[in-house]
Amino acid sequence: MLINRPRYYPFLIFILLSHFVHAQNAASGKIIDAKTNKEISGVDVFINESNKPAITTTSGNFMVQSDSIIYKLKFLRKNYSLETVDVTPENATNIFVKLSQEKVSNIEEVVIHNEKPKYKNKRENPAYAIMQKVWARKRNNGLDKFDTYTYKEYEKIQFDANNLDSAFMKRKIFNKLEFIFDYKDSTASGKIGLPVFLNEAVYENYGENKPSKRTKRLLVAQKTSGFQDNQIVTLTAKNLYRDINIYDNTLNYFDIGFPSPVGETGFSTYDYNLIDTVSVRGENAFKIRYQPKRTEVLAFQGYLYIDTDSYAVLGATLKSTQKINVNFINGISTELEYDNPDENTFLPRKFVTEIEMTPFSKKKTAKSIVAKRSVDYSEYEFNKPLEDKVFKRTEEEYSDSFTDKDDAYWLKARPDSLSKSEQGIYDMLDKLQQTPKFNRIVKLYETLGSGYYNVKKLGIDIGPIFSVYGKNEVEGDRIRLGARTYFTRNDPWRVQFYTAYGFKDQQVKYGAEARFMFNRVNRFTIGAGTRRDVLQLGVQLTNDDGIMARTFASSTIFARGDNASLSSLNQTNVFTSIEPWKNFQIRLDGTMQSIKSANPDGFSLMYYKDGALRKTTNDSHFTLSLIARPGAKFSQTGIDRYEHGTLAPTIVLKYTRGIEGLFGSDFNYNKLQFLFYKPFLVGSWGKLQVNFEAGKNFDTVPLALQNIIPGNQSYSLAQNTFAQLNYYEFVADTYSTLHLEHHFNGKILSFIPLIKKLKLREIAFIRGAYGTLSDASKAINVEGFKYSAPTDHIYYEYGFGIENIGFGNLRIFRVDFNWRGNYLDRPDISTFGIKAGFQVNF
């Protein structure tokens, strides 16, 4: 089965191993008699302006929860005066209420009014007039105003284990690790919080808007608690966060779109209420409270602080509702502050985001990990000339010197000193690294996160462990074992190999590849490899010549129909690549290969050449690939890199030239291919994934070298394939395909009673393919009469899926229902099919 988005593996493994919320959506405390100091029960507790009690207490303690922000509580009991308490994040979990008795004769009727303003339309709302001016003037704010700019950025990321208790601390897993609880903090609720990770980083940012637009973010210092050489944990932490602009209509959290309360479409999602005029760092500001109209949608609640003169955002708080429907997440909160260096400009000053993560339960009392990221922006300078060399990449940027800063540097670099608990993290993790039991836990996490088991003394990774077993028609049960060199995360070279054995064909397969990178700046790399294996060709159009990729044949365990169309491949590849510009790669491959059917009785690759009948296709070709990933973010500087989650597109242009006679090659041919893939956030309606491919063979080639419209006869999900196509059903000289898949994030199902409680998310998709196949291309193959292209009509499939299937916070199962749209008169086709699989994402 397919597990999507490998960049999320470390995050999933981390929270599962942690087994471990503070919010203003909940409040708790104690109620006593003001005269006797005895606890009182039977008290009605009202939230905010509601005239219906949220609870009636049965003891002296109380706890209330709400889908909205709790900013006020009212307490009422017969024969007692009404008591009102303002609720803030600081006092929400430790409220102490004293009720005073009154004589019954003195008490008149008590009515609690719902004071929330009601307007006939948004134009009557004074907050709407304010927000209109914010939208009109937002382009005057921010860094785009200046020709050039520089600023400093200090980032701190901290993980705390939250909601711990004494019983948890006594578990056997903590034997010989008890000292870590010397660093615990007690929360206001009486629970225990334990800091477990801290990462600090300092960046220098450079930008130019005129004459050309370019930016650079340079890491100059980094300090990580105990994980300086263990970057998977650090990368997991950094990959949780995305850059957001409060003025955008959609805010990106976890590559999921949340409607911005400052966006021009905000009034379709939120109710706004002008609360007051307050002072924010010496500036007069409108304070506006906003809440989602429907708590089931992905949206925020909180406050906006709008300058009364310039109508710029001075600050904002964004907090998710209790019913947030995001995997592994119990809550999100962000606080934004913007500075005003002059009367016309407002710039980022401080952003603080907290993410509460739990592997299973949505309950507020569940043990969790609270990941807090704070970013301070300072030392802004504008319109100072910047030399071209500032934006050029240099070798020094890719060294590890940024980890060598001493304590004196960090004391000066931090805008605020570390708290006592933060200071203790460094000491605690240093001690933990000397503990064998902790190192074994980290080793398990690394193994599951990377898929390899590292033998540090030998500098070898054994794996990948997820490719050990497979099954197909030719090999039967298949076992695959492999290894690679791995000394550090930034190794400039890598040697990999694998061997596989099929118990049905009793044949040994193998593959090996070596790569070396000469320069970390432009990533100039050479490599060579070879393999002999059984593959399912025709499941990918714009494929690469990489030797070590896991073959589809070894991935499919359950499938519909008999899959006899497997190929036996002997392949040798040499390549070189370079990145002359950031995120733009030029790669040249030279490949020599021979391809024949792995199952001659059930699948023929025989063809005619100069009147002779041949069963093996010999091919030698060169491929020039141009690969652009604008906006992609990577960590590590070695031969292998870790990609952070972004919405960056992938654009590929490939030209392949086959040369007859070179190393016994049988054909001259020319092939041109193009691929475009990008996910788009579509406001509050979710995310659209677009994949477009097109290509053309300009010469006649046999089936082994043709373009096969990718089918999928397995019962598992496979991206960019056609679920209801058989393998090799459509073959094309010229082709174009389009895959559109929209994830609604539960937008539609949230309107359906009962169903919405399941927190399922809906997906809709449509796929299409068009192509042509010449008579010459049919005639060259012995069984060419079997093959055709989708020429008469565009072949299409459509359907819907349900994702987010599971329980609690663990909802990683997806089911798709697929229908074939046309070409229904063909034999042995499937008009309807169900695909299922796991996808690990938020």
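Here, contact means that heavy atoms lie within 4.5 Å of each other. Keep that in mind for the views below, which come from a predicted model.

**Figure 1. Leu-304 and its neighbours.** Leaving aside residues up to four places away in sequence, Leu-304 touches Met-131, Pro-261, Val-262, Tyr-272, Phe-286, Lys-287, Ile-288, Tyr-290, Gly-315 and Ala-316. Leu-304 is also one of the residues with the most contacts inside the largest nonpolar core, along with Phe-300, Ile-306 and Ile-332.

Figure 2. In soluble globular proteins, nonpolar side chains tend to be buried together. The largest core here has 63 residues.

Figure 3. The protein has 38 aromatic pairs. Here's one of them: Tyr-270 and Tyr-272, sitting edge-to-face with 6.2 Å from centre to centre and 75 degrees between the planes. Tyr-270 counts as buried because its relative accessible area is 0%, and Tyr-272 is buried too, at 5%.

**Figure 4. A tilted pair across two strands.** Phe-674 and Phe-692 also form an aromatic pair, this time tilted, with centres 6.4 Å apart and 55 degrees between the planes. The pair links distant parts of the chain: Phe-674 belongs to strand 36 (residues 669-681) and Phe-692 to strand 37 (residues 687-697), with the two residues 18 apart. Phe-674 counts as partly exposed because its relative accessibility is 30%. Phe-692 gets the label partly exposed as well, at 31%.

**Figure 5. A cluster of rings.** Which residues form one aromatic cluster? They are Phe-146, Tyr-149, Tyr-151, Tyr-338, Phe-351, Tyr-377, Tyr-380 and Phe-382.

**Figure 6. Charges over rings.** Look for Arg-484, whose charged end sits over the ring of Tyr-452, 3.7 Å from the ring's centre. Then find Lys-609, which lies over the face of Phe-667 at 4.9 Å from the ring centre.

**Figure 7. Zooming back out.** Of its 842 residues, 54% count as buried. The accessible surface comes to about 38,900 Å², and carbon and sulfur atoms account for 54% of that surface.

Notes
Residues are numbered from 1 along each chain as its sequence is written. This is a predicted model: local features need pLDDT of at least 70, side-chain atom pairs count only at pLDDT 80 or more; totals for chains, interfaces and linings use all residues. Side-chain values use heavy atoms; hydrogens and water are left out. Rings of Phe, Tyr and Trp (its six-membered ring) pair if their centres lie within 6.5 Å; planes under 30 degrees apart count as stacked, over 60 as edge-to-face and the rest as tilted. Buried means under 20% relative accessible area, exposed over 50%, partly exposed in between (1.4 Å probe, protein chains only). Helices (H or I, at least four residues) and strands (E, at least two) are DSSP runs, numbered from the N terminus. A charge sits over a ring if NZ of Lys or CZ of Arg is within 6 Å of the ring centre and within 35 degrees of the ring normal. A nonpolar core is a set of buried Ala, Val, Leu, Ile, Met, Phe, Trp, Tyr and Cys residues joined through side-chain atoms within 4.5 Å. Accessible areas come from the Shrake-Rupley method with a 1.4 Å probe; for residues, only the protein chains shown count as cover.
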